[in-house]
Amino acid sequence: MKFSQVTRRTLLALAAAPLLIGSAFAQAWPAKPLKLVVPFPPGGPTDTASRIVGQKLAERLKQPVVVENKAGASGSIAAQQLLKTPGDGYTLMMLATPTLLAPHLYKKAGYDTSKDFVPVATVYDLPIVVVVNPTLMPTVTDLQRLITHAKARPGQLNYTSSGVGSFGHLSMELLKQLGKFEMEHVPYKGGVPAITDTLGGQVPMMYADLVAALPHIQTGRLRAIAVGSPQRVGVIPNVPTIAEQGFKGFDAVSWGGLMAPPGTPKDVVQRITTEVKAILAEKEVQDKLLNAGAIANYQAPDQMAKRVTGDYTKWGQVIRDKGISFE
C-alpha cells in the first residue's frame, strides 16, 4: 500500500472520529442521574412544574432526575451556576421569566440569557391577571373603567405586585405607558402578602399571578378585569384579555422552560425536547400543571430561543425606560 493511500485513510479516519464519538455519546446517554436546577424555593409554580416534568422525564429516560432548589437574586444565582456547569447533558435548569430578565435588573448577574445557554423546550405559561378589590372599586369592572378611574384620580391610586421587577410590576408599567395613565406601585416581598393586603383593602388592586389570585376570584373577594396573555385563560374564560380591551397586540405572559449549559450536545437536546413534548401532551400532566396555576405549553428549541430573545429585548426596554433596578 502506498504511503499516500495510508495517509489519506488516516486523515479520513481522524475526520470521522468526532462524529463517531458524538454518536456513541448520544447512544450511551443517559448513563447516570440528571440534575434539574430550580432557581426558586420549593412550593412555587416553577418548582411544582419542575417536579412534575422531572418525574415524567425520569420514567422515560430510566434515570433519576434530581431536583435541586438554588434560590436567590431572581434566579440569577442558579443561572450563574448553570453557566459554569459542564455541558455533558446531565444538568438542566428550569428557566423562569424573573431569571430570564435578571441581567437587566442586577448589574452583576453575570450572564446574558439571550446568548449564554442552550434552549431545550418551553414547559408552561403562567398567566397574570389584573384584579381589583370590588369593595374599594365597585364600579371598576373592566380595563377601560380602570383607566378612567385612574385618570380621574391622578397621583391617588395605588397598585401592588409581588415585588420590584416582578413580571406583574413590569406588565403594569407597560400598560400604564400604553394607556397614558398613572398609578403608584406599592411593591411587596412576594405574591402572598400582596394578595393579602389587596384582599384587606390596604391597596385596591394588583397585577397578580393567576395561581395566587384564582381562589379569591372564584369566591368573589377579588374581581378579575383583564388577563395579560394574547388569548383568554380557560379557568377564567369570561375575563377578557388586555388586547381585547383596546390594546391590540398586548402580550404579557410569564413562562418557564428548560435550559442547558453551553456546549450541551445537540443529540441530547433533541432527545430531551422530544420527551418533554410527549410529556406535556399527556392529559394527566396538563391537569397537574393547571392545578399548580400553570398551563402546559411546549415549544421546540428554536421557538424557545426566539421567545427568550424577544422577551429579553422587550422587557429589558421597559426596565430601562422606567429606571427599574435592584442595585
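**Close-up views of a predicted model**

**View 1. Strands E1 and E2 run side by side.** In this predicted model, strand E1 (residues 34-38) and E2 run parallel and are joined by five bridges. Look for Val37, which stands opposite Glu68 in E2.

**View 2. Six strands make an open sheet.** Follow the strands across in the order E2-E1-E3-E10-E4-E11, and you will find that their pairing is mixed. Strand E2 (65-69) and strand E11 (295-299) stand at the edges; each has a single partner strand, so one side of each is left without a neighbour in the sheet. From one strand to the next, the twist averages 25°.

View 3. Helix H4 (residues 97-105) touches strand E3 (91-96) and strand E10 (254-260), and its direction makes about 80° with that of E3. Helix H9 touches E3, strand E4 (118-126), E10 and E11. The direction of H9 makes about 20° with that of E4.

**View 4. Helix H2 crosses helix H9.** Two packed helices are described by the angle between their axes and the distance between the axes. Here the axes of H2 (residues 45-61) and H9 (residues 266-280) come within 10 Å and cross at roughly 120°. The crossing is right-handed. On the H2 side, the contact is made by Val53, Lys56, Leu57, Arg60 and Leu61; H9 brings Arg271, Ile272, Glu275, Ala278, Ile279 and Leu280. Sorted by class, this contact of H2 with H9 has seven nonpolar, no polar and four charged residues.

**View 5. Met205 sits in the largest nonpolar core.** In soluble globular proteins, nonpolar side chains tend to be buried together. The largest nonpolar core of this model has 49 residues, and Leu146, Met172 and Met205 have the most contacts inside it. Helix H11 (residues 301-322) gives the most to this core, with six residues. Setting aside residues up to four places away in sequence, Met205 touches Val130, Val131, Val132, Met137, Leu146, Asn158, Tyr159, Thr160, Met172, Met183 and Thr198. Apart from this core lies another, of 31 residues, among them Trp29, Ala49, Ala58 and Val268.

**View 6. Lys176 belongs to helix H6.** You can find Lys176 in helix H6 (residues 167-179). Is this lysine, Lys176, buried or exposed? Its relative accessibility is 7%, so Lys176 counts as buried, the cut-off for buried being under 20%. Beyond its neighbours within four places in sequence, Lys176 is in contact with Tyr159, Phe181, Glu182 and Met183.

Notes. Residues numbered from 1 in each chain as written. Predicted model: local features only at pLDDT ≥ 70, side-chain atom pairs only at ≥ 80, totals over all residues. Heavy atoms only, no water. Core = buried A, V, L, I, M, F, W, Y, C linked by side-chain atoms within 4.5 Å. Buried < 20%, exposed > 50% of the residue type's maximum accessible area, 1.4 Å probe, protein only. Helix = DSSP H or I, 4+ residues; strand = E, 2+ residues; numbered from the N terminus. Contact = heavy atoms within 4.5 Å. Axes fitted to C-alpha atoms, helices over the stretch in contact; angles between N-to-C directions. Left-handed = near helix turned anticlockwise from the far one by under 90°. Nonpolar A, V, L, I, M, F, W, Y, C, P; charged D, E, K, R; others polar. Pairing = 2+ DSSP bridges.
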